[in-house]
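We will go from stop to stop, and each stop says what to select next.

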Amino acid sequence: MQASKRISTILGGGSDGWEVFLRAREMIDGGTPVTELTIGEHDIRTAAPILQDMHRSALGGHTGYAAVPGTAELRDAIAKRVTERTGVPTKRENVMITPGGQAALFAAHTAVIDPGDTALYLDPYYATYPGTLRGASATPLAIQAHASNAFQPRAADIAAVAKGAKSLLVNSPNNPTGVVYSRETLESIADVCKEHDLWLISDEVYDTQIWEGEHISPRALDGMAERTLVIGSMSKSHAMTGSRIGWVIGPEAMIEHLINLATHTTYGVAGFIQDAALFALVQGDDFEVEIAEPFRRRRELAQNVLAQQNVVGVVPNGGAMYMMLDVSATGLSGQDFAFALLEKHHIAVMPGESFGTAAAGHVRVAMTIEDGAFEEALKTLCSFAKGLAEKA
Ligand code: PMP
């Protein structure tokens, strides 16, 4: 018996870019300690008071089927947060709760794509994007954001392939580059969306991790609220990756369709998780700043280390828990550099090539380990790169 084409082509064939990560796991399983700077997960766990609230809710009986669109209280709290932060009037009816941002990405594309429609996205990209688009029966088409333009996408490059496409997926602050899209970038992207009648799917799961500049939600730009679906999540903002809680914000009519989709797929998110998410949200901005703080600190540590050398180049990372480093002066590809660093120094980073073609010759470093070890690992990475560059 055959699986459907749709599901059996989710991975798209070829390398999936996880080879270095898997090799690191193999080494760890074999007893070799590895400094892992690969995946985007906090080195702290979900805060105890959030878990206590989850426990309180579950023991209080919120363990049956919860409201499929999300509880009224949580939807209201998210609507209020979005209204306050973006200035776009947002109501409960504009919000649907999902099991994490990943499910929200899939749901949003399912809501706008008919089989075979072209869904645009930007390279470098978060590793699941092309598979998510294929899973939603789209034909994905990547557009490069160039290193020479500090990985800010150019509207003209998008416009050149936008004819006939259905949607464009953007992500700022960006994984993998850490780049925060400027107002100019987002306004020019919004103009392309309006001109070519594209849905804009805006993945804003890193919106609380801003180190420089400001986070602009493109939904707030002129004429965009009616054609934008925003993806949000508690994973990064509240260190709740395992709780699987996120949302889609969009026009009321689209949210109604998304609720129909949820009724026939996930049937909602556990009530006690939603209650804990509400509890976490009402802790306010200070709590979010506290969760983001270690990454802000480590970014500064990294900047100091990198300023003392001139072999490894750094992409200006205004946000998110990553740094993209240019290692092309070593003469190696990102992939070869990452493998060599792993074998020689037992430090695991992600090759830029894992995120498409635009970040070739780079590696992504996740700032997700304790400060001292992080600084040490970066110093080692830089001196290793220097040694290679001298031979190159
Ligand atoms: N979008 C981006 C850009 C991400 O980096 C991630 C997780 N690493 C997600 C979406 C999905 O996050 P989650 O499903 O945990 O909310």
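A residue counts as buried under 20% relative accessible area, exposed over 50%, and partly exposed in between, using a 1.4 Å probe and protein chains only. This is a predicted model, where local features need pLDDT of at least 70, side-chain atom pairs count only at pLDDT 80 or more, and totals for chains, interfaces and linings use all residues. Residues are numbered from 1 along each chain as its sequence is written, and side-chain values use heavy atoms, with hydrogens and water left out.

**Stop 1: one alanine**

Select Ala190. At 3% relative accessibility, Ala190 counts as buried. Ala190 sits in helix α8. Helices (H or I, at least four residues) and strands (E, at least two) are DSSP runs, numbered from the N terminus.

Which residues does Ala190 touch, not counting residues up to four places away in sequence? Show Leu221 and Met224: those are the ones. Contact here means heavy atoms within 4.5 Å. Gly223 is 33 residues from Ala190 along the chain, yet their C-alpha atoms are separated by 8.5 Å.

**Stop 2: helix α7**

Select residues 155-162, which form helix α7. Which residues of α7 are buried? Colour Ala155, Ile158 and Ala162. An α-helix has 3.6 residues a turn, so residues three or four places apart point the same way.

Turn to the face away from the buried side. Ala156 and Ala160 are there, and they are exposed. Next, show what covers the buried residues: the cover includes β3 (118-123), β4 (139-144), β5 (167-171) and α8 (183-195). Finish at Gly164, which follows α7 and has a positive phi, near 85°.

**Stop 3: the two domains**

Colour the chain by domain. Domain 1 is 5-45 + 286-391, and domain 2 is 48-284. These bounds come from an automatic or database domain assignment. The C-alpha centres of the two domains lie 25 Å apart. Look at where they meet: 36 residues of domain 1 are in contact with 42 residues of domain 2.

**Stop 4: the largest pocket**

Some terms come before the spaces. On a 1 Å grid over the protein atoms alone, a cavity is a set of points where a 1.4 Å probe fits but cannot get out. A pocket is an open set with protein on both sides within 12 Å along at least five of seven lines. Lining residues have an atom within 4 Å of a point. Grid points are joined across faces, edges and corners, and a volume is the space filled by probe spheres set on the points.

Select Trp18, Tyr126, Ala127, Thr128 and Tyr129. Of the 45 residues lining the largest pocket, these lie nearest its centre. The volume is about 930 Å³. Both domain 1 and domain 2 supply at least three residues each to the lining. Highlight α5 (100-112) and α6 (129-135), which each supply at least two. The largest share, 5 residues, comes from α6.

**Stop 5**

Select Arg81, Arg85, Asp207, Thr208 and His215, the closest to its centre of the 28 lining residues. α4 (72-86), β7 (228-233) and α11 (285-307) each give two or more residues to this lining. α11 gives the most, with 6. The lining divides into 11 nonpolar, 6 polar and 11 charged residues. Where does the pocket lie? Domain 1 and domain 2 both give residues to the lining, so the pocket lies between them.

Stay on α11 and select Arg299, which lies in that helix. At 6% relative accessibility, Arg299 counts as buried. Leaving out residues up to four places away in sequence, Arg299 touches Trp211, Glu212, Asn317 and Met367.

**Stop 6**

The largest cavity holds about 40 Å³ of space. Select some of its lining, including Leu122, Tyr126, Leu169 and Tyr181. β5 gives the most to this lining, with 3 residues. The lining has 8 nonpolar residues, 3 polar and no charged.

Technical notes: Ala, Val, Leu, Ile, Met, Phe, Trp, Tyr, Cys and Pro count as nonpolar, Asp, Glu, Lys and Arg as charged, and the others, Gly among them, as polar.
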